[in-house]
Each structure stands twice: as C-alpha cells, then as structure tokens.
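Trainee: I am new to this structure. Could you take me closely through one part of it, the nonpolar core, and then show me what lies around it?

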Amino acid sequence: MMVTDTDSSENVFNNNGGGINQVEEKTVSLFSINIRNFLSNHLAVFASIIVISAIVVSIFSPWFAPHDPNKTNLFLRLQPPAWMAGGDWHHPLGADHLGRDILSRIIYGTRVSITVGFSVIFIATGIGILTGLVAGYLKGKFDIVISTVVDILLGFPYLIFAIALMAAMGPGFQNIILALVYKEWVIPCRVVRGETLAIKEIEYVEAAQAVGASRFHIMLREILPNILSPVIVVATTRMATVIILESSLSFLGLGVQPPTASWGNMVADGREFMLEAWWVSTFSGIAILILVLSMNVASLGLRDAFDPRFSES
Amino acid sequence: MQIMLGDQHVTPEMEQTLRKDMGLDLPIQERFFRFLYNASRGNFGRSFFHRRPVMEVILERLPATIELTLCAMLIAIIVSIPLGVLAAVRKGTIYDRSSVVTAMVGVSMPGFWFGIILIILFSINLHWLPVSGRSTFSLSVPSVTGMLLIDTLLAGRVDSFIDAVKHLILPTITLGMAMGATLMQVTRASMMEVLKQDYILFAEAKGLKRRRVTFLHALKNALIPTVTVAAIQTGQLLGGNMIIETIFGWPGVGSLVVRAIFNRNYPLVQAAVLIYVIIYVLMNFIADILYTVLNPKVRI
Amino acid sequence: MEKETSSSLPPLLKIENLSTYFDTHSGLVKAVDGVDIKLYPGECLGVVGESGSGKSVTFLSVMGLIKKPGRIASGSIQFDGRELTIFNPRQYRSIRGKEIAMTLQDSLTALNPSIKIIDQISEVLKEHDREIAAQGKTAIKNRAVEMMKLVGIPDAENRLKDYPHQFSGGMRQRIMIAIALACKPKLLIADEPTTALDVTIQAQVLNLIADIRKELKMSVIIITHNLGVVAEYADRTVVMYAGQIVESGFTRDVILNPRHPYSQGLLKSIPRLSELDKAIHPIPGQVSDLVNLPAQCRFFSRCSQRSDECRKDIPIRKLTNHGEVRCIKVEA
C-alpha cells in the first residue's frame, strides 16, 4: 500500500523543475493521507477520540460499568437520575422499569452498536471492493450482472428492506448484521466500480499489462491502493448511518433481544414510561447521537485530510 | 401457517384449503408470477387480521401518510433551502457555521429518539401539544379528501383545523428533520460551487444588484441538484414514516405496516412493500425529469 | 495601426502603487506588488504576461471584484477623477457595467447557462440605463437586438430566446462583448479575449473590438499572453512579471526593441514561419513562488543576464522614449 506522507497542499507557483514528472507523481499516489492536516483539524481529532473511546468502552465494558446491566431490582424501579429528587449517585443516570442501572446498560449497549457498525462496514466494504473491482476492471458479463443486482437493490428503500429481511429471518444480533450487509455492500461496490473504471484508463495500468502482469495482480497491486481513499471515506460515513439503522431496528424490537441492552431497545423500553420517567429513553438516545455525530465529524475530517484541495477553505 | 391463523381452531382440511387458496403449494416462481398477476389486477388478497381486502385497508390509511409526508417535505424545503443559501452566501461567518452544525446534528440524530424527546418536551412537560394521534374525536369533520387540513377548512371548522395542525406539528418536525438537514447541506454545497463560477463574476462585473445575482443567477443553477436530491429523499421518507407513525400513533400506512409485520400479516406486508417500491422508483423518476426540466443544457 | 496618445488630456485610469495581496493557507501571496499604470482616453493598452503575472488581478482590483482571501493592500486607483479604492459596494455597482465593463476569458463559463441571452443583455440595460428602462420591454428588446447585430450575430431577432450553450465559442465571445458594451462604457477591459478561440475567429473578435472602439471613442485594455495580439491592436503595452511591471512603453518600442530580458525572452520564444529550421527558445524555468519572494529581481532565476548586483529590489526607471524598464542592466 502506498501511504505517502506527502505535502499535498501544493502551491500553484511551486518551482520543482521538470513539469511533466510532477503531474505523474500526483495522480499515482492517490492514496496519501495527509496526517499533519488531519491532526490540525482539532474538531476531527476530538471526534476521533470519542469514537476510539467508544471502542475501548465496548471492549472493556465490565471494567467501566458500575453495575451488572441485567441485574434487576424492583425496589429501584424507575429511579430518577442522581441530580433529581429521589435519585442517588449509585445510579447516576437512574434506573429503568426493571430497576436496572441505565448507565451500565448504556455502557454495555456500546458493544452492540460498535460491533454491528464495524462488522457491517467491514464485511460490506469487503464484498463491495471485490465486486466493484471485478465489475469495473473485467467489465463485460461481470459488470452487467453486478450492476443489475446493484440497481435492483438500490431500488428498495433501506429501512423497508431491512425490516422485511429481519421479519423473515427473525430478530437477533447476527441477523441484524446480515440484513444490513445485504443492502450496504452496494454502496462501496458502486464507489469502487466508478473509481476502477476511471483509473483503468491511466497509463500505468496499461504499462503493467504490457509487461504481462496477470489481471489479478493488476487489480490487487495497481488499482486497489489508488481507490482506497474514497472507499475509506465512504466507509466511515456509512458506519454512522449503519449505527442509526441498527438502533432503529432495535427500537422496533428486531434487534438484539431482551434482556441484552442495546441503545435502540432502551429507547423503546422508555417509551412506555415517557410520562413518569423520561430518562429511560433520553440518555440512550443521547449516546447514539454522540457516537454518530463524532463519526460524521471524524469522517469529514478524514475526507479533508486525504485531499485538502477539496475541502472548503 | 400456524402462526398466521393465530388461535383459531384449525383442522388439517382447513389448512389444506387455505394453503391451496394462497398458492403456497406451488413452486416459488409460480407464486411470484401469480402475485404479480393478481397485483396487476389490484387483487392483493385478503388480510387475515382485518378480514378485508388488503388494498382497501391500505388505501383507507393512505391519505394520513400522504398528508404527513407532504407537510414534512414542505417544512423541510421552506426551512432548509433559505438556510443553505444564507450559509453559502455568508460563508465562514456565524450563520454558516451554525447552519452546518445544526445540519450535522440533525443527520446524526436517530429519528425515533428525536420524536420521543419532542413528545416529552412539548406534550408531557409543557402541555402545548397533543401526545399522539391525528385529531381529537370530538372535533371530527366529514371526510372529503381524507386530508384533515383541507377537510376541516372545507367544513368551515376553524377549531378542527387548529386541532389538526396541533397534531401535525411534532410528527412533521420529526420527519422533516432528517430530510431538512441533508437538504440544507446540499443547498449550501451547491450554492458554494455556483458562487465560484465565472458567470457570477461576470454578473457582478455588470454591476447588477446583489440580490439579483444571488437569487436569479446563482440560486437558479444551485437548485438543480438540490431539487433532485429532494425528490429522491422524499422516496426515502417512506421508510422513516413507519417509525415516526408508530411513535406518534399516526393512523397512516406506516404504522399499519409495522403492526402487520409483527402480526405476520404477510399479504399486507407484501402489498405495502410493493407500493413503497413503486413510489420510490417513481420519485427517482420524477427526480430525473425535474433535472431535465431545470437544466436548459439537457432539455430536448 | 497606431494612434498617438492624447497626452494633453488627463488619464482616464490612473493606477498608482497598487498592491493586491492574498492571504492563503501557504502564506501571503503578493499577486500585484506596486503597479503603476496610466491609461488615456481613447487609448488601447496591452497588458502582457504569463499566468501568475498579476495581470488579471490588477484589473479585477480596478473593478472592485477582489474577494476574500484577497485584498487591496495599498495604492490608489483613480478613474475619471474619482478614487475607486474608497468606493463602497453600491458605488462600485453603479460604475460597473456602465462606465467600466469587463469581459472574461472563457465565454462558456462566463455566461449563465440557465438564463436566456435576451435576459443577460437586457438586465444590464435595465440596471444602468434609466431612459431605456422607462421606455418598456420592447425598447429594451430592440436595443438588445441592436447590440447583437453590432457585434455580428446573425439572425439576432430569432436567437434572443436561446441559451449560451446553443452558440459557438466565437459567437459567445461576441455576446459577452455586446453585454459589456450595451451601456456604452468609457472603458472596456478585455481579459484574454482571444485565448479560448480559434485563430480565424480571434482576428474577427479583435477587429470587432477595434471598430467599436473607434465608433464609441472608448478606451480599451487588452489583457493577454499573446504578443501578436498586442502588436496589432495596442497603442501602448505593459509587460508584467510576478506581480510587477517590468517594462512599458509604446507598443512599437516594446515589440521592436524590448529592453527587459523577460520581454526579450518573450519575443524570442515566438516561433516564426520565416525561421522554421531554427530551434525554439522558450524561457527556461517557471514563475517563482510568489509566497516567499526574496528581496531581489524577480526574474533572477530565469535571467540569462543576471549578476550579483541584481540581488536587491529593483525599482522601475524611466527611459528616454516615454517607456519604463525594471532592470539594472539597461541604460536609461
């Protein structure tokens, strides 16, 4: 993989001598993440820290959570958060209708969101890259078949498709991942296919062909590194959407089943008690909001870091 | 089969007849074609739950969904396009930054949660707006179009009209939020692109008034991608509809479908999915047409 | 074709020590740095330079069209006795299109693709010409047709409702000129009027500008990198390099006897039909980085005549023939 820490903020008037070579250099190393630029974007860095923290929390939930998320205690039923009357700091964010600590459930809920988010994106992007490369590079029959499938899948509104699938497959952790992957892979596929088609024309691919490299080799070594930047940017943006989708499905009860905590079903739980206990729904939703917002901001920063020229000054 | 019939007492013969009637004994391709054939003749089968033809049930609740969707679209457009223009024209200022931040938050919020928060805030705590439903029974009016906003005005009942509006506000805001946020971002980006163009410079070099340059020269071009996105987004609103309607107890097709899924009322779900897909494809088609109409370069 | 300047009249446009800077991410770009230009009524001035020389930015500054991150850092711009640098946006808008008009290089991008030609012409009239505006739509339309005929658009009446992309490149350039001249401005600034055009059309457009100039007794500034254009049509010529004027004078003098090494290089690099067998002599190197300019002659790195005494800020000096040069090697 070519990861060049090049200073891509070139000044139009840069005098490097030898004009033609300069142009070639720029187009070849399309995958060059400008780390310096990213780090100077304080907001994006802050957002990335939040995302990373979420990952850490999801892995080390037992260490972070003050209580067992599934431990019920009917004495504590619907206890308000600590700063309100009737609350105490043992349960900082209060307790739900079964007396379970909300804070701990939110912490454990991170597992569901993060795992589903990353799994879906990894798998979908993997499939997408494969199919996209094949469709874009090999064209012909492969392209027609793959593109038709993509178009059909795109024709379905996302949520409806997912719900229909879940209804057919039944709820559950693995099924959610599957259902979401089913629709999600078309997006990286489309991106990869487009980029592959564009890059195919550039000379160095022809050069490799002339030397006799196998098609597989070309796809892997020449094309792939250069389409990675848009793919990564798309993947990070989609992760945010996938997390919202997962929580929507969980909200409807199609996600992980009780008593496992997921942010979506926590909001659903609280809905019955909106009148007396607003905190049951509110805080889990805030967690979703924070994670998704951070992902969006971080991916925006990532996009700018890959190619500062395209950011808005 | 068993689940669908619920707790009615079923004899094996009944089951057999039902199977045959529903065509479940035929191979899958045949079932699919049968479905299409029946569908094209408007026959979607009967819904078990309601013991009425599925189509009837759906059509009955359609106006409610349409009313909600249209209102959400309208609000989203009215709010986000001017904000997007403002953000682009005053790039880098507080207007720009705050619009971008709001849009980002709007996109990152789960719709179902936002709706619940709104209910908690405005209905439960402040008692300004009703918690759910579409109207108060005592203020009903005869149904002409099925759209309460129109029917209440037709019947001359201002109090019913206000009641209908009050019920509409929260669901509309919730549904329109996601669409509005994206629309604002698209408008802003598109406007910024347009403002960089030479023809804007030339228009200024002509000494034209600023307002004319912004709205006639710039916006006219900037709206082209915006409108297409709006059309496509409307198709996607259909998915969001289901959850929002459920939360607000809105008697539309969305909440109907959600319940049908849980009740395993397959004929209804099938019919609904088909309708949704058709509308979605239709909206994309409309988006294409709009693009052609608005962009003189592409017109035939 | 030459025309003696009416140097008895005061200059229509007087640019004094103009500096326009851009605050970019990479640093401060001094796009225009201490430029002095005088333009007399009825005169045609050629401004020659390559990309990055500051030629366009200078006149965008005159029009008040420099936007963030650019700013006019210092200097004065006097037009028809008025000081433009202290104008507010409203005042600028009252003279743009009416007293000073500008055309741009690429006619395809300069005309709004979504607005009909008739509207793009008539809006200038409606804005600046109260008389015509008062006379109503038909009067405006007639004037628009008049303008289009003036610039040589065939079948003008029927083409009013067309959009820019329905015209050829040469036609569009003419339409731009029609728009610019609709209110009979005192000064026309033509930025690269021929660059995007075929060679045959170039001559047509330039002749058109020359004819109209005679008729309206207008002053014209032609910005170009093409010396041939300047040689044929400009009374006086200014050569710019890296934000500064390096040579100026009567076109005849600058073309036949260039004093600055850069001007000399420019002339030498034009391939001539009569010398097909000789090698082409481009000027080696590229324009220097405008961000970190050392205090020396800006042409230093590419100059064949450079020496150590060139390593300081070079002022511009007057020559005996009413010209100016910015080079120590030249005797006044």
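Mentor: Start with the largest nonpolar core, which has 237 residues. Within this core, A178(C), I221(C) and I222(C) touch the most other members. Keep in mind that the model is predicted.

Take A178(C). Set aside its neighbours within four places in sequence. A178(C) is then in contact with I121(C), M147(C), M148(C), L150(C) and V151(C).

Now the sheet in chain C. This open sheet has eight strands, with mixed pairing. Read across, the order is β6-β7-β8-β3-β9-β10-β12-β11. Its edge strands are β6 (100-103) and β11 (317-318) of chain C, and each pairs on one side only. Look at one pair inside the order. Strand β3 (residues 44-48) of chain C runs parallel to strand β8 (residues 219-224) of chain C, and five bridges join them. Here V47(C) stands opposite I223(C) in β8(C). A helix also packs on this sheet: α1 (residues 55-63) of chain C. Helix α1 of chain C touches β3, β6, β7 (187-191), β8 and β9 (236-241) of chain C. The direction of this helix makes about 145° with that of β8(C).

Next, chain B. E67(B) sits in helix α4 (residues 54-89) of chain B. E67(B) counts as buried because it has 22 C-beta neighbours inside 10 Å. Not counting residues up to four places away in sequence, E67(B) touches M147(B), L148(B) and L149(B). M147(B) is 80 residues from E67(B) along the chain, yet their C-alpha atoms are separated by 6.0 Å.

Chain B also meets chain A. The contact takes 28 residues from chain B and 30 residues from chain A. On the chain B side, α5 (94-108), α6 (111-125), α10 (210-248), α11 (253-262) and α12 (266-294) each supply at least two residues. That side divides into 23 nonpolar residues, five polar and no charged.

Last, confidence in chain B. Its mean pLDDT is 77, and 78% of its residues reach 70 or more. Helix α9 (residues 198-205) of chain B has the highest confidence in the chain, at a mean of 91. Helix α1 (residues 2-5) of chain B has the lowest, at a mean of 42. Over residues 1-10 of chain B, pLDDT stays under 50. The model has seven contacts beyond four places in sequence for that stretch. Where pLDDT is low, the predicted coordinates should not be read in detail.

Methods
Residues numbered from 1 in each chain as written. Chains lettered and ligands numbered in written order. Predicted model: local features only at pLDDT ≥ 70, side-chain atom pairs only at ≥ 80, totals over all residues. Core = buried A, V, L, I, M, F, W, Y, C linked by C-beta atoms within 7 Å. Buried ≥ 20, exposed ≤ 12 C-beta atoms within 10 Å, placed from the backbone. Contact = placed C-beta atoms within 7 Å. pLDDT = per-residue confidence, 0-100. Helix = DSSP H or I, 4+ residues; strand = E, 2+ residues; numbered from the N terminus. Nonpolar A, V, L, I, M, F, W, Y, C, P; charged D, E, K, R; others polar. Pairing = 2+ DSSP bridges. Axes fitted to C-alpha atoms, helices over the stretch in contact; angles between N-to-C directions.
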